[in-house]
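Please consult the sequence and the model shown here while reading.

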Amino acid sequence: MSAAGVALIGVLGLVVGSVVWVIARARAADRAPLGGPVCANPECGAPLPPVAWLPLLGFGAARRCARCGAAQPRKRALFELATAAYFALAAASFGDDGLRLAATLVFTVPLLLVFLVDWWTRFIHTDVIGVGVVAGLGFALADGGGAFLSALLSALGAVAVFAFFFVLAALIYRNLRVVPFGLGDVYLAAMIGTMARYPAVINALFSGVLLAGLGGVLLLLTRRVGRRDPIPYGPYLCVGALLALLG
Ligand SMILES: [Zn+2]
C-alpha cells in the first residue's frame, strides 16, 4: 500500500479510536451506546457538544466541560493515537490483502470496546462479544469453507481451554466474586478464536495470558491493587489478540 494510503488508514484509526472511546464510556455508565459524549466528571455528567465525538478532544474544541470545567482525560488522546498507530501498522504490513486488512480493522472495534469497558467496570458485555463472533465468522466465511471451519474449531478449542481455567480458578479461590477470571473471559476467548483462527489463536491467547501475568505483577508491585483485588483479565486478552492479528 502507498504511504498516502497508510496515512489515510491511520487517520481512520484516530477517528475509530475516538468513537470507540465515546461508546465505551456510555456502555460503562449504562447509558445509550450512541447517546454521545458526556463530561468526564461523574458528578456532572453534562453532555458535551457533538464535536467531542472527534479525536484529540474534538481537535481541541471540546477539551473542557462547559458546565463544570472538568477536562477530558489525557488517556483518551493516548488511546486514539495508539489506535491510529495500529491501523497504520496493519495497513503497512498487509495493506495489499484487502480482505485481511478489512477483517483486522473491523475486529479492533469489539476488541477495543471490551478492552475499555472491562478495564473500567470488570464487566464483559455479551452483546459486544456477539457482534465480534459474527464479524469473526463472517470474515472467515468470506475467506472460504476451510477458514470458516478453522474459526469454529478455534472458538471451541479456546472455550474448552478457558472453561478449564475458569473451573480451576473457581476451585482455587472458592469465591466466584474474587476469581481473577470470569465467564466473560471464556466468551472473549471464543470471540478471539473466531478472529485469529488456528494457529494464530494459540499465539493470541498465550500472549494475552502472559501479558495478564506481567500486568498483574506490575500492578501489585506499584501497589495499584492489593493482593486480594481481582485484576481484570479481558483487557490483556484483547491486547494479545490485537498483537497476534498483526503477526
Ligand atoms: Zn462537567
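Cysteine 39 counts as buried because its relative accessibility is 5%, where buried means under 20% relative accessible area, exposed over 50% and partly exposed in between, with a 1.4 Å probe and protein chains only. The model is predicted: local features need pLDDT of at least 70, side-chain atom pairs count only at pLDDT 80 or more, and totals for chains, interfaces and linings use all residues. Residues are numbered from 1 along each chain as its sequence is written, and side-chain values use heavy atoms, with hydrogens and water left out.

**Zinc site**

Cys39, Cys44, Cys65 and Cys68 coordinate the zinc ion through their SG atoms at 2.3 Å; donors are N, O and S atoms within 2.8 Å of the metal (3.2 Å for Na, K and Ca). The spacing of these donor residues in sequence is C-x4-C-x20-C-x2-C. The site is tetrahedral, with angles of 101 to 114° among the four donor atoms; four donors count as tetrahedral if all angles lie between 85 and 135 degrees. Cysteine 44 is also buried, at a relative accessible area of 17%.

**Nonpolar core**

The largest nonpolar core has 55 residues, of which Phe107, Leu111, Leu188 and Ile192 touch the most other members. Such a core is a set of buried Ala, Val, Leu, Ile, Met, Phe, Trp, Tyr and Cys residues joined through side-chain atoms within 4.5 Å. Among the helices that each supply at least two residues of this core are H1 (3-28), H4 (98-121) and H7 (183-196); helices are DSSP runs (H or I, at least four residues) numbered from the N terminus. With 10 residues, H4 gives the most to this core.

**Salt bridges**

Three salt bridges are found in the whole structure, each being a side-chain nitrogen of Lys or Arg within 4 Å of a carboxyl oxygen of Asp or Glu.

| Pair | N to O distance |
|---|---|
| Aspartate 127 and arginine 27 | 3.1 Å |
| Glutamate 80 and arginine 76 | 2.9 Å |
| Arginine 197 and aspartate 143 | 3.1 Å |

Arginine 197 lies in the loop between H7 and H8 and aspartate 143 in helix H5, so this pair ties together parts 54 residues apart in sequence. Aspartate 127 in helix H5 and arginine 27 in helix H1 are 100 residues apart. Glutamate 80 and arginine 76, by contrast, both lie in helix H3, four residues apart, about one turn of the helix. Glutamate 80 is buried at 0% relative accessibility, and arginine 76 is buried at 1%.

Key. Tetrahedral: all angles 85-135°; square planar, octahedral: opposite > 155°, others 65-115°.
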